[in-house]
Amino acid sequence: MEQTLEHRAEVKNGIRRAVFVALAILIELTWLYVQLGILSRHFSWIPGLVRVAALFLVLGIYGRHMNAAAKMPWIMLISAAPLFGVPLYLMLGLPGSTERMRRRYRRIDARIFPQLTQKDEDLRTLMRRDVGVANQFRYLRDYAGYPLCRNTDIQYYRSAAEAFEAQLEAIRGARRFIFLEYHAIEERQAFRRLHAALRERAAAGVEVRLFYDDVGSLVFIDHDFIVRMQADGIRCRVFNPVLPVLSLFMNHRDHRKITVIDGELGFTGGYNLADEYFNLTHPYGHWYDTGVRLKGDAVRNLTAIFLENWNAIRGDDLDDREPGRYLTAPAYQAKEQGWCLPYADSPLGEERTGENVYMNILNNAKRYVWFTTPYLIITDELSRAMTLAAKRGVDVRIVTPGIPDKKLVYQATRSYYNGLARWGVRLFEYTPGFCHAKQCVSDDSIAVCGTINLDYRSLYHHFENAVLFYDCAAVTDMKQEFEQLFPRCREVTEHYLSGRSHVLRIGHCLLRLIAPLL
């Protein structure tokens, strides 16, 4: 595709900025280590003090309520190199190092989420239908704060391009407001079409907001992008701008992908606003992605999820004092009577909502559970849920990419194959290219589609969102898509049962050790 001089300059500036930030953090770490070394030579008691601190930190990490695999890299680093590990953990690993952001999010959430009301009759009806499924929705209501919705039609899209066209059409008909929140924006062919639609609606008096993650868009756009958007009447904010300073919150990125139109229509799925997602470019072969459209009551959940990050990310931004005006929409009568619940996951709380939803589905499955994910770097708990389901006769399948976008992460993904395959989990690789869809379907009845990968970054470090839906046509559509997807993949289950050399096994063990940091 043709590149403009402006686009090439944006990419070049973004790469320069990324390199500058990385070098600044590296210099910061080096300076810290050198200073401790110098102090240790002049004050002989400092190494002893650091070792004592290392002992207490290791005990404290061991006692923390967190995943065991996430503890091990810190424990090993602090034990092996206390002069480096102790100060690094104090700067990046302490649970209180994000407390300021936690307080801000609690303040914003207290204004937004109480306005999401639950119709208790919907849950009672589902309890009479299937207690196991109802308890999954109850979990999201009670521990994530998102109500179950019934008056909602769900459209499943088998490709990102199909979803994007529907999204454009809906945006062109917006009357009140348009909210967009995406991990990555690339100012090229696809986004230019979207930009033209947003500009036209803004000129017609529609409120338009655009929110993107700084890391996700770092090499695609620069800060002049915000100026250009605002000049066209599009309010624009950036999530967690990358700064050349060590900060634990800097590791938490906005991986959500949401479009809300007038509080009536909502879109989400695996795709970002960049050309490769719609197969306009092919950096990793054919790009496979999916999405869903919601129409009806459940859109309120997506609206609340957007308003949370938009208002909470910076203390000096003007907040929405009356978010309720965006959480109401004209009455709508859905054609279907299924159940639907859009939800979000945040790294700032102790509840691992994204992982728990997947494990609940696995634990409740009777016949099958099928997943697609671009990365497979999972906790022992999720691995055990998968293998236990397979052991009791459930058909558990996972589709991963055939062509990787990150080779190290790809090898880390493959390091998990053997442990899953030997207990009956079937593994497939999407040979035409890169599988980026994040979805699962189970027992012809329940499904998830959203942004949550089966990896540590999604499950523990990122802001994510997804939709859990039950007993509707979209579940059947997703199941049929899986049935068409498997023949386009190569099954690698048998190969990874016994096909690894000793060298490869050692490499996989090392990758598993650092997997929580990838």
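Where in the chain's run of helices is the place of T303? T303 sits in helix 11, residues 299–312; helices here are DSSP runs of H or I with at least four residues, strands are E runs of at least two, and both are numbered from the N terminus. Before going on, note that this is a predicted model, in which local features need pLDDT of at least 70, side-chain atom pairs count only at pLDDT 80 or more, and totals for chains, interfaces and linings use all residues. Residues are numbered from 1 along each chain as its sequence is written, and side-chain values use heavy atoms, with hydrogens and water left out.

Back to T303. With a relative accessible area of 0%, T303 is buried (buried means under 20% relative accessible area, exposed over 50%, partly exposed in between, with a 1.4 Å probe and protein chains only). Leave aside the neighbours within four places in sequence, and T303 is in contact with F179, V260, G263, Y326 and L327; contact means heavy atoms within 4.5 Å. Take V260: T303 and V260 are 43 residues apart along the chain, yet their C-alpha atoms are separated by 6.3 Å.

V260 takes us to strand 5, residues 258–261. Here I258 and V260 point one way while T259 and I261 point the other, and all are buried. Strand 5 pairs with strand 2 (residues 177–182) in the antiparallel sense over 4 bridges, where pairing asks for at least two bridges found by DSSP.

For a parallel example, look at strand 2 and strand 3 (residues 207–213), which pair over 6 bridges; Y182 has Y212 as its bridge partner in strand 3.

Next, a pair of helices. Helix 7 (residues 131–143) and helix 12 (residues 353–364) pack with their axes 10 Å apart, at an angle of about 170 degrees. Axes are lines fitted to C-alpha atoms, for helices over the stretch in contact, and angles run from 0 to 180 degrees between N-to-C directions. The two helices are therefore roughly antiparallel (over 145 degrees; under 35 counts as roughly parallel, 65 to 115 as roughly perpendicular and the rest as oblique). Among the residues that meet are Y139 and L140 in helix 7 and V357 and I361 in helix 12.

Finally, the rings. The whole structure has 30 aromatic pairs: rings of Phe, Tyr and Trp (its six-membered ring) pair if their centres lie within 6.5 Å, and planes under 30 degrees apart count as stacked, over 60 as edge-to-face and the rest as tilted. Y375 and F434 have ring centres 6.3 Å apart and planes at 55 degrees, so this pair is tilted. Both residues are buried.
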